[in-house]
Amino acid sequence: MFSKNLKYYRLKQNMTKKELASLVNISPMAITNYENGKRRPDMKIIKELAAALGVRVTDFLSKRNENLVFVHGEFRKNSKLSGKQQEFVRESVEEYIGRFYSIIDILGGEVLPKAPLSHQLKLTDNPEEDALNMRKYLRIAESGPVGNLIELLENKGIIIYVCNMESTDFSGMNGSVNGRPYIIVNGNMSPERIRSTIAHEMAHFIFMWNDELEENEIEKKATAISGAFLFPANDAIRELGVRRTRISKDMTYICKEYGISMYLLVKRANLCNIVNDNIAKGFYVRAGQAGWKKNEPSRIPKENPLLFSQLVFRAVCENEISIQKGAELLKMPYNYVAEQCFAEEV
C-alpha cells in the first residue's frame with residue numbers, strides 16, 4: 001500500500017510533508033494526497049520520493065495487510081513527543097506487525113499461541129496483591145525472578161516490538177491488533193528499563209482501569225505494580241533481609257538475578273521497609289551525581305523478540321517462501337537469512 005508506506009518512511013526520516021515536497025519539487029498538498037490515498041504519483045515521482053527518503057522503490061510498493069484492525073494506546077497528555085513522533089510510533093507498529101502477520105498468514109494462525117484477554121483483572125488498593133494476580137494471570141511462578149520477559153510474553157501470544165528511537169521521551173506503549181495485545185518499547189533504553197517498561201505496559205492492558213482515575217494516578221499505580229511484579233515483597237525480604245543500614249555492592253547481584261536496576265531495587269526495598277527513607281534518599285543523591293538517573297550501568301544482557309525471525313526462518317526452510325522474501329520480511333540481508341536457514345550445524 002503506497003500511501004501507508006510513504007507516510008511511514010517519511011516519518012522514519014523525521015521529515016515534514018513540506019520538507020519532503022521541497023526535495024521532489026512538488027507541493028506539500030501533493031504529499032498529503034499521496035498519503036491519504038486520494039492520488040497516486042507516476043513512477044518518475046515515486047523514484048524521486050524513494051531517493052529523497054533513502055529507500056528502494058520496492059519498499060514503497062510492498063503490500064500491507066488490510067485485514068488488520070489496530071487499537072493503539074493513548075500517549076500521555078503531558079508527553080514530550082511531538083505529534084509527528086507519535087504518528088511515527090503508531091506507523092512503526094503497523095508496519096512491523098503488518099510484516100509479522102504476513103508470515104502468520106503463510107504458516108497459519110495456529111502458530112501463534114492464544115493470547116490472554118485484555119482488561120480482565122480488577123484492581124485492588126494493594127500493588128503487591130495486584131502484581132501477584134498479574135503473575136497468576138500469566139501463569140508464571142508467584143515468586144522468584146522473571147526470566148527472559150520478552151520470550152515469556154511471546155510464548156503467551158503477546159506481540160513485542162522493539163523500536164530503536166533516538167528520543168528519550170518515549171519508553172513504551174501498548175495496544176492491540178485484531179484483539180491480540182502488543183507492546184512496543186524503545187530499544188535505546190537499558191535492558192533493565194525495557195523490562196520495567198514492558199511490565200508497566202502489561203499492567204495497563206491486563207487490569208480494568210477506572211475511567212475516573214487521573215492519568216498520573218494510573219501511571220503511578222502501573223509503575224508500582226510493575227515493580228512488585230519484577231521484585232515481589234517476599235523476594236525482597238528473602239534476598240535482602242528484613243533490615244538494611246546501607247546500600248551495598250552485594251545488592252548488584254540481586255539486580256542481575258531479577259533483571260532490575262539498582263534504582264528499582266532501592267525503591268522496592270524502601271517500600272518494603274527494608275531500608276528507611278534517609279538511606280534511600282542518600283542513594284538517589286549519589287546515583288544522580290554519578291549520572292545513573294539516565295545512564296545506570298546495565299548488568300544483564302539485552303532481551304530481543306525472536307518469534308518473528310523464527311517463523312520466517314521456518315517458512316524458508318519449509319519452502320513456503322524464498323530466501324529473498326524472508327529477507328524482505330525481516331529487512332535483513334539475503335546472506336544472513338540464507339546462513340540462518342541453511343548453514344550446517346557444527
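Reader: What covers the buried residues of H3?

Author: The cover includes H1, helix H2 (17-24) and helix H4 (43-53). This is a predicted model. The buried residues of helix H3 (residues 28-35) are Ala-30, Ile-31, Asn-33, Tyr-34 and Glu-35. After H3 comes Gly-37, with a positive phi near 80 degrees.

Reader: Why is Ser-3 called buried?

Author: Its relative accessibility is 12%. Buried means under 20%, so Ser-3 counts as buried.

Reader: Where does Ser-3 sit, and what is in contact with Ser-3 once its neighbours within four places in sequence are left aside?

Author: Ser-3 belongs to helix H1. With those neighbours set aside, Ser-3 is in contact with Tyr-34, Glu-35 and Gly-37. Tyr-34 and Glu-35 are among the buried residues of H3, and Gly-37 follows that helix.

Reader: Why is Asn-14 neither buried nor exposed?

Author: The relative accessible area of Asn-14 is 48%. Buried requires under 20% and exposed over 50%, so Asn-14 is partly exposed. Asn-14 is found in the loop between H1 and H2.

Reader: What makes the phi of Asn-14 worth a remark?

Author: Phi is positive there, near 60 degrees, and the residue is not a glycine. Asn-319 also has a positive phi, of about 60 degrees, without being a glycine. Asn-319 lies in the loop between H16 and H17.

Reader: Is Asn-319 buried or exposed, and why?

Author: Asn-319 has 67% relative accessibility. The limit for exposed is over 50%, so Asn-319 counts as exposed.

Reader: How do you know which class Arg-243 falls in?

Author: Its relative accessible area is 58%; exposed means over 50%, so Arg-243 is exposed. Arg-243 is in the loop between helix H11 (233-240) and helix H12 (251-258). Not counting residues up to four places away in sequence, Arg-243 touches Asn-273 and Ile-274.

Reader: Which residues have the most contacts inside the largest nonpolar core?

Author: They are Leu-49, Phe-60, Ile-97, Phe-100, Tyr-101, Ile-103 and Ile-184, in a core of 59 residues. Helix H6 (residues 83-107) gives the most to this core, 10 residues. Another core lies apart from it; that one has 53 residues, including Leu-149, Ala-199, Phe-229 and Ala-233.

Reader: What does Phe-60 touch beyond four places in sequence?

Author: Its contacts are Met-1, Phe-2, Asn-5, Leu-6, Tyr-9, Ile-46, Leu-49, Ala-50, Leu-53 and Val-55.

Reader: How do you know that H6 meets H17, and which residues take part?

Author: On the H6 side they are Arg-99, Ser-102 and Ile-103, and in H17 they are Glu-328, Leu-329 and Leu-330. Contact means heavy atoms within 4.5 Å. By class, this contact has three nonpolar, one polar and two charged residues. The helices pack at an angle of about 145 degrees, and their axes are 9 Å apart.

Reader: What is the make-up of the lining of the second largest pocket?

Author: The lining has 15 nonpolar, four polar and four charged residues. The volume of this pocket is about 620 Å³. Of its 23 lining residues, Tyr-96, Tyr-161, Val-162, Asn-164 and Leu-330 are the closest to the centre. H1, H6, strand E3 (159-163), helix H16 (307-317) and helix H17 (323-330) each supply at least two lining residues.

Notes
Residues are numbered from 1 along each chain as its sequence is written. This is a predicted model: local features need pLDDT of at least 70, side-chain atom pairs count only at pLDDT 80 or more; totals for chains, interfaces and linings use all residues. Side-chain values use heavy atoms; hydrogens and water are left out. A nonpolar core is a set of buried Ala, Val, Leu, Ile, Met, Phe, Trp, Tyr and Cys residues joined through side-chain atoms within 4.5 Å. Buried means under 20% relative accessible area, exposed over 50%, partly exposed in between (1.4 Å probe, protein chains only). Helices (H or I, at least four residues) and strands (E, at least two) are DSSP runs, numbered from the N terminus. On a 1 Å grid over the protein atoms alone, a cavity is a set of points where a 1.4 Å probe fits but cannot get out, and a pocket is an open set with protein on both sides within 12 Å along at least five of seven lines; lining residues have an atom within 4 Å of a point. Grid points are joined across faces, edges and corners, and a volume is the space filled by probe spheres set on the points. Ala, Val, Leu, Ile, Met, Phe, Trp, Tyr, Cys and Pro count as nonpolar, Asp, Glu, Lys and Arg as charged, and the others, Gly among them, as polar. Axes are lines fitted to C-alpha atoms, for helices over the stretch in contact, and angles run from 0 to 180 degrees between N-to-C directions.
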